[in-house]
Amino acid sequence: MIRRAVVLALVLAMGAIFATLLAGYAPDGDLNLTARYYADRTAPDIGSANIVTAIIVTYRGLDTLGEVTVLFLSATIVGLVLAGGRRRETAQRPPVPVGELLTTGSRFLVPLIMLLGVYVFVNGHLTPGGGFQGGAVVASGVLLMLLADPLKHFSHRLIAAVESVAGFAYVVIGVLGLVLAGGFLDNRILPLGELGALASAGAIPLIYSLVGLKVGAEFSSMLASLSETEEL
Amino acid sequence: MVSAIFILAAALAAAFLLGLLKDEQRGVAYAITLLALAFMTWISADWTWAFAMDGAASVDIFTAGTEPPFAINLRVGLAEAVLTLIISLTALLSALAMKDALLALGRRAMAVLLVATLAFCGIVLTRDIFNLFVFFELAAISTGGLILLSDDERALAAGFKYLIVSQVISILLLIGIIFAYHATGTLNIDGMADAAQSILPGSRQAFMLAFFLMFMALVAELKPFPANGWALDIYESAHPAYSAIFSAAGGAAALYAVDKLLLVGGTAWLPAATGIGVVTFVGANLLALPQTNDRRLLGYSSVAQIGLILTVLGQRDVLGDLTGFVALGLLLAHSVAKAGLYWLSSLVAGRELSAWAALRGHPLMIFAFATFLCLLVGLPPFPGFYAKWELARVLAAEGRIALLALILFGALIEATYLFRWFGYTIKRDKPAEDIACASGNVIAICVAAVTGWVLGYLWGDAANVMLGRGNLLLALPLLFALAFLLLEWLPAWTKNMLAIAGLVGYFALTWGDYDPLRLIFFVIFLIGGAVILLASFHAHGRRVGFYPAAMLMYAGMTMLIEATDTFGFFAAWEILTVGSYFLILRGKHSEPHALSYLVFSLGGAFLILAGFALAASGAPLGVSPRLTFALSELAQVAQPLAPWVFLLLAIGFMTKTAAIGLHIWLPGAHAEAETDVSPMVSGILLKAGLFGLFILLMSMGKQQLYGIELTYVMLWIGAITALLGNLMAIFQEDAKRLLAYSSIGQMGYALFGLALMNHLGWLMALMFVINHYIYKSMLFLSVGGVAKRTGTRAMYQMGGLIALMPLSFIAVLIGIIAMSGVPPLSGFGGRWIFYNAILESEYRLPMVVIFLSGPIAFLYLFRLIHTIFLGQLKDEHRKLKEAPFWIVLPQMIYVVLLLAFAVVPGIALRRVDEYMNQFFPTGGLNWSGLNISSPYGYWDPIAIMIIVGCIFMTLFLWLLFVNRKAQKVKQFNIVFAAERPYRPETTHFAWNFFAPYRKALGFLVQPFVTQFWGAITDTLHTGADIARRFYTGNGQTYAIHLLGFVVAVYLFARGI
Amino acid sequence: MIAQIAMATGFALILIGLYGALTNHNLLRMIVAFTIADTGVNIVIVAVGYMAGRTAPILDAAVPAAEAAQRIIDPVPQALVLTAIVIGLGITALMLAYAYKLYQKKRTLDIGKLTELKW
């Protein structure tokens, strides 16, 4: 009880801090210096129609590399944590039958979902979306497969290989930017092309595809690890 | 030069590549990991070299081919290069140290280790606030993963607690970042700092709040006290090699992040950093006191050290250009030492502090352990020492005395628990299980120890170049002492010869440089030391550890004499303190006594440090704060600072001379030391304190505080010390303790003489310096020799040894005659000068006290001869032989010396007497031939010697004549017939010999002082023991602590 | 005004999440509470970048490159929020794995019972 009261008091105090922030907030009328630069320079410099993508993949590419690494790390550690608890092959009780609807539906939907995922990350520089979103869509396809067949065995090695190759290629492209263009993760190692075309924005589609593959692989690996845990 | 971005790229590429390997190819994966870490280390080392040696300017690394603030940029300067070096090197060595765990968990764990290293490096390199957040999250998540390396099951819960706190931290940080972005329009840290200058008043408050949230989030990563329970749990349960990374690399990275963020906040936030830092430093050190688990203790110490460095960062406004020197010095010392200690801890099987006794028998590991402790405590010649000195100097100059006091208090507590641990290691029973000497671990530890010394050299060099202080590691005496570390494989007698040759040789080379006063101390320190070392020839084997410690002490004393400025003096003071601590600790039962010696000595040293710092701040000459401050300039310290400086220095020096109230360390430390160590620490080391007092009084003279004459107070302290020291001595049963208490009394006399502040008083103090050296060394040696033969130090268990150990008997006889101040020996000369001095001064009451203590000294001295050498020989002692030759030899030298000094005291005193004319022109003695005269009479040593000799011979011959037919009493004197008493010694005549006096005067020797200090330590311990229950172990509570901490700082900051 | 409402909602979610995370003893509930708080943070981030009357920062026929500076909202928070979401997800996954492992070892999900390490 005392604990609740203390927590409540602290949360209210935080609320007071937040309230001050809220009260002092006034939306900008014009873009600030940084945002204005992006608005003006993205098209000529980066060649990406989606400015957010330009920021994510190029201007703040290091963040994104870090972000990919966060996912990689989480997937790896989830694998590590759950490694001890995996007793899959040995005498498991038969799974609950999943039903005709799910099985058939998944056979139909999974390829479409995968396709959508690929579409989303390949077009990341043109439309809302990108590697993370696309990767998540791909992984949702994997989730559907797992739901339809809980005993389905995913090759961890395959997932790991996709993940590794994509990640390594990402770093290599970053270093190529350093060697061939203006700096680490510079996308101008490939021609910028015409604004709005699929093959434009230099290395961005390539990077986003790699990110998509990698994120898809990582989510899938996490899902697979979690699904293979012993039921408690 | 390879771009620093490859530090990050290499780690990532390697981490991703590991995924391509088969799970079974763990050896390959491990090799790739090591290679990547080595590559990262090499890049950082390369940059460090470029900045440090070639003075290159810092380099900005742009990403995305766009300039900041529009794209993320990284920066490498000297600080960044050094920090990435320490991070990647720690990771590399830790990878070696936890080879087994990494191989057991496989490539995934290695990938996580690589990412953790990268994340810490990224935190250091990036100049973008959101990028900083990303790297922090990477660090947090990888910490969550690497905790699994531990074979301690509790680590899992610790990891979860950490993740909870990370969540709270990231919420604070993100909200802070987005509002700071809104207020400044940029995410670049430097851009934000620029924009913060020109924020409109309307959005100022929002920006300040946003900054507050970011600041608190990053500060929370520093594990501030008391919102740090989660970190302690990690330190305790993680794999020690990971704890090394977490402490060394993680701490360094988070501190640098806070440092960068403080750029944005500006000077307004420095007090907050200082406050949080110093509370953490003191609080964590206090709570570390009752810890018994080694890794948790190290955790507390880590937290404390980081707090100290945060304090330093918060003092940037006054430290100015020195901030880097001080902060980096402390940080590197902490990182190297903490990493080394964690690696050491993985060698030790038990988690109790005393389980570290397993290290005994591995001299290299003990050496590394001692190195790490000295690094942490900031003893010379390590970087922390230089940092401590500059910090104290600047803080005092700026009048931030309270902060300085808090820092020194915290440092003293830290030294206490660290060296207590060292004492356990050296003295406690060795556990059954030996240490696990994995090669990777040993390599890591050795690299850390060597790095510690290299850092010491580098910081000394920097101090020399920037501030004009000498590099301590270039000081010849210190190098000579350290050389013995490399000679440990030689047999003891070879080392002993080298040591004696070194002392005598150095004396011969340099003695011409000193004025007579310093020369007397110099002779006692070096030549006196060499004579006592003769006794060390009796030791067999290699005697590992003795010579480095002893020579360190002598080096310190030599440097003390050589010092001309306060820095050199203080450095020497600490060196001799450490050396003598290691030396005292060698005694069989000296563990608690060595500790109390060290604590008192360091406490005294800190007072001296504060005194010197304060003196430099108030000097009228030159610019304040002064860089160097000559000892002689102490005379120019102006009012109202002067009396305070005097007070601090006097108390500091009086801890070393064991003035009453500060004396409780002495009896144990001197009595429990080894046979040849007791005379060193009693005969020689005590004089260092007197030397300090001489220097102090010579330059500062009489000082008044609130109308009280401080020298008058000292006079009283001296008198009471003499009286009580002697009184306590008479009730001792232990011969060496008796001598130790007697030293307290003797130092009281010397203090009294000094405080008289007249010519003869000082002369008498000097006389005591010489006399006390000779007879106390001699007595400790002969009593030590007896104790060695009889196997006991209790006097009532001895008796009748006169025939078996005649030479020891002669030494003791001469010694007590000299000491009690009766004619004809030099003690009488001392007394004679003394009484002349008293007659000259106007203080009557303390005089009475000091007169009283004279006869008391006689009482205990009498016991030495009477109980040990006379009376009945004990049955079990019938076959005893004289003490070993090498222990007797120096005693005989002393006998000759005493006789010589008694006959011609002028050889030493005459020149000093003249020298003192510059301080006290009047009141000197007249030296005509061998005759010495004062206004009150004259003293002819030769005549006295002849007269006393005649009387003695007459009586002796008469006694022989009268007793020629005397029969010896046979020894069947059974005092108890039918019953064996419960405590046999109670029936011995010599036991509780002075019981009647005890009845009368016992109240004076009640251990009030011991009780007083005991009560203080108990209060601290119990207080800390109760306070630490605050860390309930519940992860949720820890998160509440963190939130409460944020709110408390917020309210506090608003209040200001 | 929309920005303020969204922001207030976001803050409220953070506070609710924090309260939940600090009062529920069950590990899973704590994790859920933290995801609520994370969502709140993300809403606040997006709300800060909102500008009335403007459109998404994608250049197409409706928003030609030349007019972009007058037509689009601040793209930076949009980019940041993506990173924040992904990182939050990573930590949540990790916490779930930890909770699973803890349950497996200790057979409890009560945070108050995971206190062997203390003092």
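User: Which residues touch the most other members of the largest nonpolar core?

Analyst: Keep in mind that this is a predicted model. The largest nonpolar core holds 546 residues. Those touching the most other members are B:Ala11, B:Val115, B:Ile123, B:Met214, B:Val258, B:Ala610 and B:Leu898.

User: Which helix of chain B gives the most to this core?

Analyst: The core takes at least three residues from each of domain 1 (1-265 + 1006-1056) and domain 2 (483-959) of chain B. The top contributor, with 22 residues, covers residues 155-184 of chain B, and that's helix H7.

User: What does B:Ile123 touch, leaving out residues up to four places away in sequence?

Analyst: B:Ile123 is one of the residues that touch the most other core members. With those sequence neighbors set aside, its partners are B:Leu132, B:Phe135, B:Phe136, B:Ala139, B:Ala253, B:Tyr256 and B:Ala257.

User: Which helix supplies the largest share of the side of chain A that touches chain B?

Analyst: The contact uses 49 residues from chain A and 47 residues from chain B. On the chain A side, H1 (2-23), H2 (33-46), H3 (51-59), H4 (61-83) and H7 (156-180) each supply at least two residues. The largest share is 14 residues, and it comes from H4(A).

User: How many residues on that side of chain A are nonpolar, polar and charged?

Analyst: We're looking at the 49 residues that chain A brings to the contact. They split into 26 nonpolar, 17 polar and 6 charged.

User: What span should helix H40 of chain B have, at 1.5 Å a residue?

Analyst: H40(B) runs over residues 1035-1055, which is 21 residues.

User: Which elements do the buried residues of H40(B) pack against?

Analyst: The buried set includes B:Gly1035, B:Tyr1038, B:Leu1042 and B:Phe1045. In chain B, the buried residues pack against H7, H9 (201-221) and H10 (229-237). From the other chains, they meet H1 of chain A and H1 (2-23) of chain C.

User: Why is chain A called more spread out than a compact globule, and what is its radius of gyration?

Analyst: Chain A has 8 helices and 0 strands, and its C-alpha atoms fill a box of roughly 60 × 55 × 35 Å along the principal axes. For 232 residues the globule rule gives 17 Å, and chain A is well over that, so it counts as more spread out, with a radius of gyration of 22 Å.

User: What percentage of chain A is buried?

Analyst: Among chain A contacts with a separation of 6 or more, 70% join residues 24 or more positions apart. Of its 232 residues, the buried ones make up 52%.

Key:
Residues numbered from 1 in each chain as written. Chains lettered and ligands numbered in written order. Predicted model: local features only at pLDDT ≥ 70, side-chain atom pairs only at ≥ 80, totals over all residues. Core = buried A, V, L, I, M, F, W, Y, C linked by C-beta atoms within 7 Å. Buried ≥ 20, exposed ≤ 12 C-beta atoms within 10 Å, placed from the backbone. Helix = DSSP H or I, 4+ residues; strand = E, 2+ residues; numbered from the N terminus. Domains from an automatic or database assignment. Contact = placed C-beta atoms within 7 Å. Nonpolar A, V, L, I, M, F, W, Y, C, P; charged D, E, K, R; others polar. Expected span 1.5 Å × (residues − 1). Rg over C-alpha atoms; globule rule 2.2 N^0.38 Å.
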